[in-house]
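Hello,

Here is the structure I promised to pass on. Please have a look at it first, and then read my notes below.

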Amino acid sequence: MSKLIKIVGLDPSMSNFGIAAGTLDLDTNEVKVTRFELAETKAGGKKKTVRVNSDDLRRAGEIWAKAKPMIDEAHIVFAELPVGSQSSRAQTSYGICIGVLASIQKPLIQIAPDEIKKYVGGKASVAKEDIIEWAIKEQPDAPWLRHKSKGEMVLTGKNEHLADAVAAIYVGLDTDQFKQVVSVLKAIL
């Protein structure tokens with residue numbers, strides 16, 4: 001008898017926060033992604049009527065409103081942790097993403113961005129398209145984002161963020177952190 005748990009993978013970003021949800025069979029490590037969300041936020045208009053920090057707070061709230069319901073259903077969350085940046089604006093985005101991740105009250109398996117690239121492509125530098133292609137091959141039945149082009153449904157570039165969320169799950173399955181959490185879960189399920 002399989003032991004299925006609900007899982008979520010996250011690719012944090014202030015503008016395009018990728019969320020992948022599905023199930024994991026604890027006996028076989030088989031992953032099935034059944035749902036995606038992409039929390040897309042944009043900075044307020046060019047008018048100076050809203051303070052930048054108030055706008056950042058709004059954007060953080062929009063991200064959390066999309067992510068929280070899916071996270072609440074999960075037993076384990078896998079997340080690519082953002083890294084610091086050179087500019088103050090990028091550092092603000094980093095801080096907001098870390099704050100969202102810190103709000104998660106579930107086991108959080110932390111993944112470094114370079115771990116995903118090495119897992120998917122075997123090297124430190126892997127093209128976004130290669131990660132998308134890999135993720136679609138791993139999860140062909142997942143509800144990937146598509147749009148109509150020349151009468152045909154084609155994948156959108158926004159799948160980049162969802163593919164990273166899927167990759168975070170797969171990389172996380174190989175971590176010692178996950179193995180410790182899963183041993184506890186198996187004991188209580």
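Are α4 and α5 parallel or oblique to each other? They pack at an angle of about 60 degrees, with their axes 9 Å apart, and α4 and α5 are therefore oblique to each other. (Angles under 35 degrees count as roughly parallel, over 145 as roughly antiparallel, 65 to 115 as roughly perpendicular and the rest as oblique.)

Before the rest, some background. This is a predicted model, in which local features need pLDDT of at least 70 and side-chain atom pairs count only at pLDDT 80 or more, while totals for chains, interfaces and linings use all residues. Residues are numbered from 1 along each chain as its sequence is written, and side-chain values use heavy atoms, with hydrogens and water left out. Helices are DSSP runs (H or I, at least four residues), numbered from the N terminus. Axes are lines fitted to C-alpha atoms over the stretch in contact, and angles run from 0 to 180 degrees between N-to-C directions.

Back to α4 and α5: their crossing is left-handed (the near helix is turned anticlockwise from the far one by less than a right angle). Contact (heavy atoms within 4.5 Å) involves residues including Ile131, Trp134 and Ala135 of α4 and Ala163, Ala167 and Tyr170 of α5. By class, this contact has eight nonpolar, one polar and four charged residues (Ala, Val, Leu, Ile, Met, Phe, Trp, Tyr, Cys and Pro count as nonpolar, Asp, Glu, Lys and Arg as charged, and the others, Gly among them, as polar).

α3 packs on α5 at an angle of about 85 degrees, with the axes 10 Å apart, so α3 and α5 are roughly perpendicular to each other. Here Glu115, Ile116, Tyr119 and Val120 in α3 meet Asp164, Ala167, Ala168, Tyr170 and Val171 in α5.

With α4, α3 makes an angle of about 65 degrees, the axes again being 10 Å apart, and this crossing is left-handed. Ile116, Lys117, Tyr119 and Val120 of α3 and Asp130, Ile131 and Trp134 of α4 make the contact.

Finally, the largest pocket holds about 440 Å³ of space (on a 1 Å grid, a pocket is an open set of points where a 1.4 Å probe fits, with protein on both sides within 12 Å along at least five of seven lines; lining residues have an atom within 4 Å of a point). Its lining counts 21 residues, and Asp11, Pro12, Glu80, Pro113 and Asp164 are the closest to its centre. α2 gives the most to this lining, with four residues.

Best wishes

Methods:
Grid points are joined across faces, edges and corners, and a volume is the space filled by probe spheres set on the points. Helices (H or I, at least four residues) and strands (E, at least two) are DSSP runs, numbered from the N terminus.
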